[in-house]
Amino acid sequence: MSKLPRITPTCTPRSVSAAASYGPYPPPELTSTWNQMKFPPKINPLAPPPPRKRLYASWETTPQHWHNDRRRLMMQQKEHERYHSAWSTPFYGPPADKEAYRRHYRQVLKQQMSDADEKKRTDLQSKVHESEAAVEFDRQCKMKDFQDIVKKYNYLKNFRDDNKMFMEESWEKSRINKIMTDRYDREMLKYNPINWSGTLS
């Protein structure tokens, strides 16, 4: 027995362009003094870069941790300047920055509208596929039920015919046995009659 088709989930994965458009503002490509800044690479405290060499006699890694902590602070300052200080540029900056700000949100709105239309279209297609699958499943169930009814009817019909044939054969055998028994009794009476003297009337 097959199962009903699974219902398609309502969520639709976003495209690559949509994921890029829904990012925070300002986007990373905007010019900033922190974007041009090069951060020092991260150092493994247990394996400092040459010419320094870690001695197994000393387990202290203070310079390496200080280097990584200073790098972390610089990256946090960059993110702070980007997300918390750059908000004033679209409002108080030059007209080009204001227009870039408005353009960004117009593009986001267009992307949201196109994503909503795509989601409606895919939902409609999935509902159509589900309806077709449900109709096909219902048709198969009806066909199977009809075949089961025909199979049961043929089985019961054959069972009835076999019983009828068996009863008719048993009746015929009984009739033939009775005829043969009566014939045998009559022949036996000829050679061994009950009333030899003929006194019984």
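The structure is a predicted model, in which local features need a pLDDT of at least 70 and side-chain atom pairs count only at pLDDT 80 or more, while totals for chains, interfaces and linings use all residues. Residues are numbered from 1 along each chain as its sequence is written, and side-chain values use heavy atoms, with hydrogens and water left out. The secondary structure of the protein chain comes to 4 helices and 0 strands, where helices (H or I, at least four residues) and strands (E, at least two) are DSSP runs numbered from the N terminus.

**Confidence**

- The protein chain has a mean pLDDT of 79, with 70% of its residues at 70 or more; pLDDT is the predictor's confidence in each residue, on a scale from 0 to 100.
- Confidence is lowest in helix α1 (residues 16-21), where the mean is 54, and highest in helix α4 (residues 95-191), where the mean is 92.
- Where pLDDT is low, the predicted coordinates should not be read in detail.

**Fold and burial**

- Read from the N terminus, the elements of the protein chain follow the order α-α-α-α.
- Helix α4 has 97 residues and spans 142 Å from its first C-alpha to its last, which is close to the 144 Å expected at 1.5 Å a residue, the expected span being 1.5 Å times one less than the number of residues.
- Of the 201 residues in the protein chain, 13% are buried, where buried means under 20% relative accessible area, exposed means over 50%, and partly exposed lies in between (1.4 Å probe, protein chains only).
- Within α4, the residues His 104, Val 108, Gln 111, Asp 123, Ser 126 and Phe 137 are buried.
- Among contacts (heavy atoms within 4.5 Å) in the protein chain with a separation of 6 or more, 72% are between residues 24 or more positions apart.

**Surface**

- The protein chain exposes about 17,600 Å², of which carbon and sulfur atoms supply 61%; accessible areas come from the Shrake-Rupley method with a 1.4 Å probe, and for residues only the protein chains shown count as cover.
- Trp 87, Phe 91 and Tyr 92 make a nonpolar surface patch of about 420 Å²; patches are made of residues with over 30% relative accessible area and no salt bridge, with like charges joined within 9 Å and nonpolar side chains (Val, Leu, Ile, Met, Phe, Trp, Tyr) within 5 Å.
- Trp 87 sits in the loop between α2 (62-85) and α3 (89-92), and Trp 87 counts as partly exposed because its relative accessibility is 49%.

**Salt bridges**

- The count comes to 11 salt bridges, each defined as a side-chain nitrogen of Lys or Arg within 4 Å of a carboxyl oxygen of Asp or Glu.
- In helix α2, Asp 69 and Arg 72 are 3 residues apart and therefore separated by about one helical turn, and their side chains meet in a salt bridge at 2.3 Å, N to O; Asp 69 is partly exposed at 32% relative accessible area, as is Arg 72 at 38%.
- The side chains of Arg 160 and Asp 161 form a salt bridge at 3.0 Å, N to O, and Asp 161 is partly exposed at 29% relative accessibility.
- Arg 175 pairs with Glu 172 in a salt bridge whose closest N and O atoms are 2.5 Å apart, and the two residues, 3 apart in helix α4, are separated by about one helical turn; Arg 175 is partly exposed at 44% relative accessibility, and Glu 172 is partly exposed at 34% relative accessible area.
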